[in-house]
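Have the viewer open as you read.

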Amino acid sequence: MLKTFLPLSALLLLAACSTVSPPSGSSASSNVRYQQARFSDLPDWGNSMASQSLEGLRISCRTLQGRPAWKDICAEAASLDAANLPTVTRFYETRFTPWQISEQGKDSGLITGYFEPLLAGGVQQSAQTPYPVYGVPADLRVLDASAAQLGAEVVVAKPAGGNRLQVVPGKTRADAGELLVYPKEFVIDSRTRALKGRIEQGRLRPYYTRAEINAGKGVNTAPVLAWVENDTELFFLQVQGSGRIQLEDGRYLRAGYAEQNGHGYKSIGRWLVDNGQMKLSDVSMQSIKEWIAANPGRKDELFNANPSYVFFKTLPADDNGPLGALGVPLLGGYSIAVDPRYIPLGAPVYLSTTWPLDGPAKPLNRLVNAQDTGGAIRGGVRADFFFGFGTEAGLYAGRMKQSGRLWLLWPRGLQPQANP
């Protein structure tokens with residue numbers, strides 16, 4: 001999923017992907033609409049500001065500060081006293097305009113959660129740590145192409161450095177050193193426009209599925225970054241896209257998303273519902289783990305229902321959050337994953353939802369920052385809330401499937417644009 005997470009929402013029902021055209025006038029498009037609002041329209045705006053919101057913007061500015069629209073905003077953000085919340089609030093009110101996002105006439109959508117898990121493992125395979133955390137296989141190839149090229153019956157590709165391939169325009173027959181590609185054989189991610197495959201007899205074929213990889217195909221060329229104790233936790237590490245592994249000597253290894261096998265994610269929560277194992281309203285990370293514990297003989301059947309497989313790379317094992325798609329560390333409680341076609345990465349977003357708690361709904365109104373993306377995060381009114389690291393964060397993230405509203409805070413004087 002790009003350089004980022006497959007959030008826990010992928011366990012639930014995946015949101016449909018919408019295609020929109022850039023907004024104009026009142027920012028209306030065929031499906032997504034940006035409606036200019038006032039800060040007073042944002043629920044609890046006057047009481048919700050926190051220093052972490054500004055800290056998250058400062059983190060985003062590591063990437064944004066070189067862009068003309070953000071240069072002065074980032075400079076002022078760096079100069080503010082984050083503890084002076086009235087001043088911070090005025091800064092946002094002066095520098096930004098809030099735009100409420102709606103889709104297909106609805107101003108509320110699904111808000112889910114994700115977190116950074118902790119696994120127990122080691123650097124050597126053993127009876128206690130039998131499950132490998134794989135790096136990117138050497139035989140995995142990635143073809144980047146345009147929408148028109150991916151819609152063709154056949155294209156010709158050639159190496160473009162590393163594991164990348166590129167289309168040779170205008171050709172339908174391969175010469176020496178080139179490959180034939182039949183795009184309709186592949187699952188195409190409409191956002192990245194990339195095909196993931198392997199070379200076989202002069203053709204690019206789809207890469208192996210999860211079931212094939214678990215049976216040993218392809219991974220003989222993949223480095224093993226670590227070995228872990230529990231294959232269920234390894235599956236959820238792939239869902240999250242990043243996590244920490246505590247080794248035998250107490251050190252931590254941080255594994256981050258590196259690549260994916262090119263097969264679309266299939267919801268194991270949906271599989272459980274469709275097979276009469278669980279009600280949709282009961283699906284959560286915790287309930288899925290309970291089902292696995294009660295049905296160990298069907299665990300592989302469940303996991304293999306999802307053909308997607310994530311490969312990892314090692315990241316610095318510091319106290320910062322994992323890197324999101326923006327290329328900056330995520331901030332627990334103040335970062336979200338979004339669909340970047342509708343919410344630009346780096347932008348502040350005002351989120352109005354509720355906590356995933358039993359009993360009366362408790363509001364969760366907060367200024368967060370769009371710093372990540374996710375394979376299940378599709379649409380304008382859709383977000384995945386990053387709860388942070390560890391067990392408590394996982395308890396919240398696993399239960400988070402709330403309704404919520406989003407306001408994009410965009411530099412004053414500019415109008416947001418959808419980029420389908």
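## Where two helices meet

Thr232, Glu233 and Phe236 of helix H7 are in contact with Met285, Ile288, Lys289 and Ile292 of helix H9, contact being heavy atoms within 4.5 Å. Sorted by class, that H7–H9 contact holds four nonpolar residues, one polar residue and two charged ones. For the classes, Ala, Val, Leu, Ile, Met, Phe, Trp, Tyr, Cys and Pro count as nonpolar, Asp, Glu, Lys and Arg as charged, and the others, Gly among them, as polar.

A word on what you're looking at: this is a predicted model, in which local features need pLDDT of at least 70 and side-chain atom pairs count only at pLDDT 80 or more, while totals for chains, interfaces and linings use all residues. Residues are numbered from 1 along each chain as its sequence is written, and side-chain values use heavy atoms, with hydrogens and water left out.

Helices (H or I, at least four residues) and strands (E, at least two) are DSSP runs, numbered from the N terminus. To describe two packed helices, you give the angle between their axes and the distance between the axes. Here H7 (residues 231-240) and H9 (residues 285-294) pack at about 150°, and their axes are 11 Å apart. That angle makes H7 roughly antiparallel to H9. On the scale used, angles under 35 degrees are roughly parallel, over 145 roughly antiparallel, 65 to 115 roughly perpendicular and the rest oblique. The axes are lines fitted to C-alpha atoms, for helices over the stretch in contact, and the angles run from 0 to 180 degrees between N-to-C directions.

What else sits over H9? Its buried residues are Met285, Gln286, Ser287, Ile288, Trp291 and Ile292, where buried means under 20% relative accessible area, exposed means over 50%, and partly exposed lies in between (1.4 Å probe, protein chains only). The cover over these buried residues includes H7, strand E3 (109-116), helix H8 (268-274), helix H10 (299-304) and helix H11 (391-399).

## Rings

Searching the whole structure turns up 19 aromatic pairs. One to look at is Trp70 with Phe96: the ring centres are 5.9 Å apart and the planes at 50°, so this pair is tilted. Rings of Phe, Tyr and Trp (its six-membered ring) pair if their centres lie within 6.5 Å, and planes under 30 degrees apart count as stacked, over 60 as edge-to-face and the rest as tilted. The pair links distant parts of the chain, with Trp70 in helix H3 (residues 68-79) and Phe96 in strand E2 (residues 96-103), 26 residues apart. Trp70 and Phe96 are both buried. They also belong to one aromatic cluster, formed by Trp70, Phe91, Tyr92, Phe96 and Trp410.

## Out in the loops

Gln104 has a phi near 50°, which is a positive value in a residue other than glycine. You'll find Gln104 in the loop between E2 and E3, and at 58% relative accessibility it counts as exposed. Gln201 also has a positive phi, near 50°. Gln201 sits in the loop between strand E10 (194-200) and strand E11 (203-206), and counts as exposed at 78% relative accessibility.

| Pair | Separation in sequence | C-alpha to C-alpha distance |
|---|---|---|
| Asp41 and Leu408 | 367 residues | 13 Å |
| Gly250 and Ala120 | 130 residues | 9.8 Å |
| Ala305 and Phe387 | 82 residues | 27 Å |
| Gly264 and Phe186 | 78 residues | 9.7 Å |

Asp41 is in the loop between strand E1 (32-36) and helix H1 (45-48), with 35% relative accessibility. Gly250 lies between strand E13 (242-246) and strand E14 (252-260), again in a loop, and has a relative accessible area of 34%.

Ala305 belongs to the loop between H10 and strand E15 (310-315), and is partly exposed at 22%. Setting aside residues up to four places away in sequence, Ala305 touches Lys266 and Trp271. Gly264 is in the loop between E14 and H8, partly exposed at 26%. Leaving out neighbours within four places in sequence, Gly264 is in contact with Val187, Asn306, Pro307 and Ser308.
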